[in-house]
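Work through the exercises below with the sequence and the model at hand. Each task is followed by its solution in steps.

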Amino acid sequence: MLPLRWARGWRVASATLLVLVLAAGVAPAVWLWPDRGSMLSLLSHFDKWAHALTFTVLALWFCGQYTRSSYWRIALGLVVYGIVIELAQRLVGYRTADPFDVVANISGIALGLTIGLLGAGGWSQIVERRFARQRELD
């Protein structure tokens, strides 16, 4: 992990984010998209885009807190996490597991890590510095 002033808070936020994504992954789809039929008809393969976007955000989130040398661990962890979500969906009767969701997850992870490598990595240190400066000004 990067040297962060509020490392414990970042860890708690990370765990909360992962739990929320898992909960959304196993919740009945109608809870998340009540008007699912019309929305999905507007966007082809919306589910895959949602998977890719979610895992892009997760990868960027963790790129903000860890060094570049840890990015391969982030990738591996998120791939395993995505597979766990698909296995959990298989266990509940109202969701289905789809191997193409894992492909979409991996695409999102690759995009998020690429954005991190291109300069967005370590963003949490910038956030902490801004809050620290703001506190000094108050």
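A crossing is right-handed if the near helix is turned clockwise from the far one by less than a right angle, and left-handed if anticlockwise. Helices are DSSP runs (H or I, at least four residues), numbered from the N terminus. The model is predicted: local features need pLDDT of at least 70, and side-chain atom pairs count only at pLDDT 80 or more, while totals for chains, interfaces and linings use all residues. Residues are numbered from 1 along each chain, and side-chain values use heavy atoms, without hydrogens and water.

**Exercise 1.** Describe how α1 and α5 cross.

Step 1. Helix α1 covers residues 7-26 and helix α5 residues 71-91. Their axes (lines fitted to C-alpha atoms over the stretch in contact, with angles from 0 to 180 degrees between N-to-C directions) come within 9 Å and cross at roughly 35 degrees.

Step 2. The crossing of α1 past α5 is right-handed.

Step 3. Contact means heavy atoms within 4.5 Å. Residues of α1 including Leu 18 and Val 26 meet Tyr 81, Ile 85, Ala 88 and Gln 89 in α5.

**Exercise 2.** Find the contacts of Leu 78 beyond its neighbours within four places in sequence.

Solution. Leu 78 touches Phe 55, Leu 58, Ala 59, Phe 62 and Ile 109.

Methods: Helices (H or I, at least four residues) and strands (E, at least two) are DSSP runs, numbered from the N terminus.
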